[in-house]
Amino acid sequence: MASTSSGRQADARDRDEEGRARDARDQDDDGRVRDARDRDEEGRARDARDRDEEGRARDARDRDEEGRARNARPRDGLGRPLPYGSEGVARQPEGVVRTPRETVTEAQDLLDAGRPFHAHEVFEDAWKSGPEEERGLWRGLAQLAVGLTHAARGNVTGGARLLRRGAGAVTEWAASGAGRQRPYEMDLAGLARWARALAEEVERTAAPVDARTRRPRLRG
């Protein structure tokens with residue numbers, strides 16, 4: 001019986017020593033629990049990443065006037081993000097409802113200025129606010145504008161893919177029951193030819209194109 005009691009005492013002593021050793025490993029030089037300290041340091045690092053240079057929460061700042069999440073970083077004329085505090089090119093206001101002809105005119109003005117990224121935002125507004133039967137049209141035009149944007153940035157793969165995707169979309173829409181060959185005086189067949197030819201050129205040269213000189217004419 002004494003032997004059993006001694007064994008239990010030894011086991012308890014061993015467990016106590018193991019516990020103290022483990023506690024020592026888990027404590028830093030100031031006696032704080034390492035895991036808690038690590039979590040605290042990780043939290044501070046994460047907070048620093050989530051705040052800008054002035055200490056404001058990035059998500060709180062990166063919202064539009066109506067409270068919708070929208071990246072507030074300035075962008076250049078091709079929509080590429082610039083560092084916070086840089087002077088960029090103003091983006092198009094989001095959610096503007098235009099008539100179809102206003103959409104075409106404004107988008108063409110932006111394309112003429114070498115700003116296809118901004119033209120894509122105008123097409124996107126029409127895609128989201130227009131009638132269901134025209135969404136394929138405006139989505140395809142937005143893809144063409146994004147394709148030109150990527151081609152101007154030097155993104156060969158993305159540019160060629162989006163140009164061909166947009167060409168296919170407007171061609172498919174024109175051939176559908178709800179489609180028309182020249183909606184709002186736009187030359188969809190000519191736009192598709194332009195996009196496919198530019199996609200081939202981008203892949204052949206692997207060089208950025210000039211967005212202004214290689215812009216499409218929406219109305220032919």
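Let's start with Glu132 and Arg135, whose side chains meet in a salt bridge, N to O at 3.4 Å. By salt bridge I mean a side-chain nitrogen of Lys or Arg within 4 Å of a carboxyl oxygen of Asp or Glu. Glu132 counts as exposed at 57% relative accessibility, while Arg135 is partly exposed at 30%. The cut-offs there are under 20% relative accessible area for buried, over 50% for exposed, and partly exposed in between, with a 1.4 Å probe and protein chains only.

Quick word on what we're looking at. This is a predicted model, where local features need pLDDT of at least 70 and side-chain atom pairs count only at pLDDT 80 or more, while totals for chains, interfaces and linings use all residues. Residues are numbered from 1 along each chain as its sequence is written, and side-chain values use heavy atoms, with hydrogens and water left out.

Okay, back to the charges. The whole structure has 11 salt bridges. One of them pairs Arg98 with Glu106, with the closest N and O atoms 2.7 Å apart. Arg98 is buried, at a relative accessible area of 13%, whereas Glu106 is partly exposed at 27%. Then there's Asp112 with Arg217, at 3.0 Å from N to O. Asp112 sits in helix H4 and Arg217 in the segment after H8, so this pair ties together parts that are 105 residues apart in sequence. Both ends are partly exposed: Asp112 at 24% and Arg217 at 44%.

So what does the fold look like overall? The chain has 8 helices and 0 strands, counting helices as DSSP runs of H or I with at least four residues and strands as runs of E with at least two, numbered from the N terminus. Of its 220 residues, 35% count as buried. Taking contacts as heavy atoms within 4.5 Å, residues 24 or more positions apart make up 56% of the contacts with a separation of 6 or more.

Now the inside. In soluble globular proteins, nonpolar side chains tend to be buried together. Here the largest nonpolar core has 37 residues, and among those with the most contacts inside it are Phe123, Trp138, Leu141 and Met186. A core here is a set of buried Ala, Val, Leu, Ile, Met, Phe, Trp, Tyr and Cys residues joined through side-chain atoms within 4.5 Å. Helices H4, H5, H6, H7 and H8 each supply at least two residues of this core, and H6 gives the most, with 9.

A cavity is a set of points on a 1 Å grid over the protein atoms alone where a 1.4 Å probe fits but cannot get out, and lining residues have an atom within 4 Å of a point. The lining includes Leu111, Phe123, Leu141, Trp194 and Pro216. H6 gives the most to this lining, with 4 residues. The lining divides into 10 nonpolar, no polar and no charged residues, where nonpolar means Ala, Val, Leu, Ile, Met, Phe, Trp, Tyr, Cys and Pro, charged means Asp, Glu, Lys and Arg, and polar means the others, Gly among them.

Definitions and conventions:
On a 1 Å grid over the protein atoms alone, a cavity is a set of points where a 1.4 Å probe fits but cannot get out, and a pocket is an open set with protein on both sides within 12 Å along at least five of seven lines; lining residues have an atom within 4 Å of a point.
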